[in-house]
Amino acid sequence: MTNAPRSAADDAPLRLLPKVELHCHVEGTARAATVAELAAKHGVPLGVDDPDDLYTYESLADFLAAFATVCSAFVEAEDFHRLAYEAAEDAAAAGTRYREMFFSPGFHLDRGIRFDTMWSGIVAGIADGEADHGVRTRLIMDIDKPKGIGPAMALLEVARVADRDILLGIGGDSTERGVDHHMFEPLISEAKKMGLKTCFHCGEDGPAENIAIMVEAGVDRIDHGTRLLDLPDLVKRVVDEQIPLTSCPSSNVELNIVESLEAHPFAKQLDAGALVTLNSDDPTFFRFDLADEYERVASAFDFDEATMLKIRDNAIDAAWLDDSDKAALRAELGA
Ligand SMILES: [Zn+2]
């Protein structure tokens with residue numbers, strides 16, 4: 001596969017539009033060629049002859065298995081540096097200028113990788129990526145929901161040592177199936193006490209009730225929130241409080257969460273007044289980038305330029321920046 005898959009000309013207006021992305025996993029930006037090279041370097045079996053074959057799935061469960069395999073190729077700090085640096089390089093090609101990006105320690109700690117190893121590598125990689133490619137990146141530490149509240153709270157303890165200018169918040173990721181989201185209420189409350197922002201993947205492969213639980217728990221953003229419209233009272237609250245949704249419509253289509261982009265509730269959520277944003281989730285895994293996502297969504301819903309600008313500006317509003325930083329970003333991006 002190519003490093004930065006494109007479906008439109010490099011000078012297409014939506015590709016050139018300076019963008020903000022709030023839902024992208026650093027491991028989900030791993031280039032197949034990089035994964036193959038690092039796996040060979042470390043003698044890690046990938047289970048496929050062609051690394052491109054890792055990036056095929058029909059469900060979130062398939063995807064998560066591939067995600068774990070890809071993670072296994074990253075061992076040393078310099079590997080994580082390369083991962084984060086290439087993420088910035090590819091983001092620049094999509095017009096991304098500011099990104100709040102997840103990293104998932106659970107997938108690495110389990111393999112005996114130290115937190116310091118991944119953290120120092122990723123932090124150095126985003127710094128070099130910003131210097132060379134002009135993409136400013138801040139981080140969100142993701143906990144793996146199916147592991148339960150114990151490992152989640154342990155990770156939060158680990159996060160106390162992280163540079164808080166770089167680590168803005170924590171998130172919860174992975175499948176919702178068989179996961180009682182009420183268990184994460186203490187995690188959200190403890191993270192808030194630490195001054196961290198919080199977000200949770202929910203209403204993706206689980207019901208809108210999971211969104212309601214996490215909103216009640218006090219999260220600052222909902223990741224996906226695809227099922228939001230199933231609960232009208234919840235829609236009212238999410239709209240009234242302008243709780244942002246980091247939507248990933250094409251990811252939802254790729255993982256058979258929704259049938260097609262046209263059938264995705266994104267346009268109805270926008271119409272309802274929700275603060276929806278557009279995001280790539282795991283760009284190399286799905287073979288598209290954020291610019292492609294803007295183009296696909298504009299085409300699927302016949303959105304005009306003003307609507308696409310509004311969606312881009314929503315991401316600035318939803319970013320975890322203080323008011324002066326947000327004003328500076330608005331000025332820089334011409335919002
Ligand atoms: Zn995600």
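**Helices on the sheet**

I began with helix H9 (residues 208–217), which lies across strand S5 (197–202) and strand S6 (221–224) and runs at about 170° to S5. For the angles I used lines fitted to C-alpha atoms, for helices over the stretch in contact, on a scale from 0 to 180 degrees between N-to-C directions. Helices (H or I, at least four residues) and strands (E, at least two) are DSSP runs, numbered from the N terminus.

I noted the ground rules. The model is predicted: local features need pLDDT of at least 70, side-chain atom pairs count only at pLDDT 80 or more, and totals for chains, interfaces and linings use all residues. Residue numbers start from 1 along each chain as its sequence is written.

**The sheet**

I traced an open sheet of eight strands, in the order S1-S2-S3-S4-S5-S6-S7-S8, with parallel pairing. Strands count as paired if DSSP finds at least two bridges between them. Strand S1 (19–21) and strand S8 (276–278) each have a single partner strand and stand at the edges, so one side of each lacks a neighbour in the sheet. From one strand to the next the twist averages 25°.

Thr-246 has Thr-277 in S8 as its bridge partner. I then turned to helix H7 (residues 149–159), which packs on the sheet and touches strand S3 (136–144) and strand S4 (167–173). The direction of H7 makes about 150° with that of S3.

**The whole chain**

I counted 16 helices and eight strands in the chain. The radius of gyration is 18 Å, close to the 20 Å that the globule rule gives for 335 residues, so the chain is as compact as a globular protein of that length. That radius is taken over C-alpha atoms, and the rule is 2.2 Å times the number of residues to the power 0.38. Along the principal axes, the C-alpha atoms fill a box of roughly 50 × 45 × 40 Å.

Contact means C-beta atoms, placed from the backbone, within 7 Å. Among contacts between residues at least 6 apart in sequence, 72% join residues at least 24 apart.

**Pro-283**

I looked up Pro-283, which sits in helix H13 (residues 283–286). Is Pro-283 buried or exposed? Pro-283 is buried, with 30 other C-beta atoms within 10 Å; the cut-off for buried is 20 or more, for exposed 12 or fewer, with partly exposed in between. Leaving aside neighbours within four places in sequence, its contacts are Cys-24, Gly-28, Thr-29, Asp-90, Phe-288 and Asp-289.

Key:
Two residues are in contact if their C-beta atoms, placed from the backbone, lie within 7 Å.
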